[in-house]
Amino acid sequence: MQIYFELFPLIGAVLLIMGLRNLSHPKTAVKGNSQAAIGIAIGILVAIFYPLETTDNNYLFIVIGIITGSVIGYIAAKKVAMTAMPEMVSLFNGLGGLSAAFISLVWLFNHHTIGDFKNMAIVLLNLFLGFVAFLGSMVAYGKLSGKLKDRYTKIPFATILNLIILFIAIVAIIYFGVQGKLTLNELILFSVISLIYGYTFVAPIGGADMPVVISLLNSLTGITAAISGIMTDNKLMLLGGILVGSSGIILTLLMCNAMNRYLWSVIFGSFSSSAKAKEQAIEGNVKTITPADLAIQLAYSQKVAFIPGYGMAVAQAQKVVKEMEDLLEEKGVEVKYCIHPVAGRMPGHMNVLLAEADVSYDKLLDLDESNEYLKQVDVAIVIGANDVVNPAAKEDPNSKIYGMPILDVTKSKQVVVLKRSMNPGYAGIQNPLFFKDNTKMLFGDAKESLLEILTELKEADL
Amino acid sequence: MNEIIQFLSDNMTMIYLVVFTIFLGFEIISKVPTVLHTPLMSGSNAISGVVLIGAILLIRTTPKDHTITMIIATLGIVLGTINVVGGFAVTARMLEMFNRKKRK
């Protein structure tokens, strides 16, 4: 009998590996998601029925816990708007981290008198990482959903402070590991230190870098899952956790690459610290355009580019954008979408939204294709994007985003920016694009502006 | 120092498994299109919900009269389940959108 309980998790582990592999290819991604889910389900069933030396299995609590969690998780996943997806991932990740921290607490309460170096040190490490992943993800969630503004989360000397807290935590883990036990007060103190680090680690990092941070915290939760696997001697947890941990690190580096940033400079917050030199002052006039004029211009264009950003997500304008694409194509205008790798709040965010609106896959251009296409474009419409089209990244060495690859919309004949106001973008940087000679602004909610243009296009019947 | 060497020699199989899995994780993800970054992150986040297994294994050996421990353990299960179920459901929803368009 025992052998089945060893073999089933092996099948689960293979499913996890295949699932993750399939998830990274567009054609097999759906299958991969199901495979991984089945792999985890097998692991859970085995964990429930695995023969353990215990008097009472507490099955009632397990069933209640799983049903409650399933209902909450399922409803949250179904109800969340596509635009809020990144926050949701962050929230789920934080809960996973807290779960790992709770596992450590339960382990400590169950074994509070015994313990040797190996176990105690591992459990405390898990507790630390779990709490950091939890509060870090919550802060990231707050920043992404706009509930937590960067200017309220600045911490003086954040880097030094973080290194000190990290040092204290490591010393504490080694100390209590050697001791093999700790008192309740010491445990509470250690938990508080862990939570403080979770906050001070993420809080000073600018909101624009949150995608990278979430990916990093996701990787961290994977590592806690792996350590929890060591604690409970479960190989499926160990394997699944490490897979997430290592693939998460690669994904984090890929994202940094897309933003032309180094991971260490994200973590040590050079983005959020005040720039050393003053940014170049921007001078010039801002010109506006009316929806009617823009409609006429679009109708007479040959090639049009849409550059979507977070503003499109907020205004839920993707369906209107698609409608406009159809109408323009009817009139013989070529329409393409220029997608910056980090447009929106997470890589691929725009692709998901546009896919939701049934925009065809081959109309989405990546960064290099876009910059090639933009040279031939008559009208480039920037829909709620800001930092990813900011020419300061190319022109102003003092700018905080200097060096980040951008969509060079100024190469097109005419740029129209749909924007709510002149406020700077998410990174808090002024955008000289708005003052360029071939740029015109159309202020207002992206969706409403687009609807007005759409009406004009229909009525004009050009 | 002796303890560390002892620890290493006791857990050699485990260490092999860890090292190989790290490389496996690197290899699987190294070529992934930008379109899939968000679903992939969401999917791997759901996988990290395997902590649920640990929560289940631990609550089974927890004495029922330890009220606080039982509460924390049950909460651990609830949170882990939210991570797993919510994570996979959100990923499925994202991927559904890519699929619906393909069938056209």
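Trainee: What should I know about the model before starting?

Mentor: This is a predicted model, where local features need pLDDT of at least 70 and side-chain atom pairs count only at pLDDT 80 or more, while totals for chains, interfaces and linings use all residues. Residues are numbered from 1 along each chain as its sequence is written, chains are lettered from A and ligands numbered from 1 in the order in which they are written, and side-chain values use heavy atoms, with hydrogens and water left out.

Trainee: OK, chain A. How many helices and strands are there?

Mentor: Chain A has 17 helices and six strands. Both are DSSP runs numbered from the N terminus, helices being H or I with at least four residues and strands being E with at least two.

Trainee: And what does the C-alpha trace of chain A span?

Mentor: About 80 × 50 × 30 Å along its principal axes.

Trainee: What share of chain A counts as buried?

Mentor: 56% of its 462 residues. Buried means under 20% relative accessible area, exposed means over 50%, and partly exposed lies in between, with a 1.4 Å probe and protein chains only.

Trainee: Salt bridges next. How many over all chains?

Mentor: Ten. A salt bridge here is a side-chain nitrogen of Lys or Arg within 4 Å of a carboxyl oxygen of Asp or Glu.

Trainee: Which residue does A:K458 pair with?

Mentor: A:K458 pairs with A:E323, and their closest N and O atoms are 3.4 Å apart. This pair links distant parts of the chain, since A:K458 sits in helix α17 and A:E323 in helix α13 (residues 318-330) of chain A, 135 residues apart.

Trainee: What about A:D408?

Mentor: A:D408 forms a salt bridge with A:K394, with 2.9 Å between the closest N and O atoms. A:D408 is in the loop between α16 (392-395) and β5 (414-419) of chain A and A:K394 is in helix α16, so the pair ties together parts 14 residues apart in sequence. A:D408 is buried, at 7% relative accessible area.

Trainee: And A:E395, which residue does that one bridge to?

Mentor: A:K436, the closest N and O atoms being 3.0 Å apart. A:E395 lies in helix α16 and A:K436 in the loop between β5 and β6 (439-443) of chain A, so this pair ties together parts that are 41 residues apart in sequence. A:E395 is partly exposed at 44% relative accessibility, and A:K436 is partly exposed at 23%.

Trainee: Switching to the surface. Which residues form the negative patch?

Mentor: A:D293, A:E448, A:E452, A:E456 and A:E459. Patches are made of residues with over 30% relative accessible area and no salt bridge, like charges being joined within 9 Å and nonpolar side chains (Val, Leu, Ile, Met, Phe, Trp, Tyr) within 5 Å. Asp and Glu count as negative, Lys and Arg as positive, and His and the chain ends are not counted. The place of a charge is NZ of Lys, CZ of Arg, CG of Asp or CD of Glu.

Trainee: Which helix gives the most to the negative patch?

Mentor: Helix α17 (residues 446-460) of chain A, with four residues. A:D293 is in helix α11 (residues 291-299) of chain A and is partly exposed, at 45% relative accessibility.

Trainee: On to chain B. What domains is it divided into?

Mentor: Domain 1 (1-31) and domain 2 (34-104), with bounds from an automatic or database domain assignment. Their centres, taken over C-alpha atoms, are 25 Å apart.

Trainee: How many residues of helix α3 of chain B are buried?

Mentor: Eleven of its eleven residues, 37-47. Among them are B:H37, B:P39 and B:I47.

Trainee: And where is B:R93?

Mentor: In helix α5 (residues 67-103) of chain B. B:R93 is buried, with a relative accessible area of 15%. B:R93 and B:P39 are 54 residues apart in sequence and 9.2 Å apart in space, C-alpha to C-alpha.

Notes: Accessible areas come from the Shrake-Rupley method with a 1.4 Å probe; for residues, only the protein chains shown count as cover.
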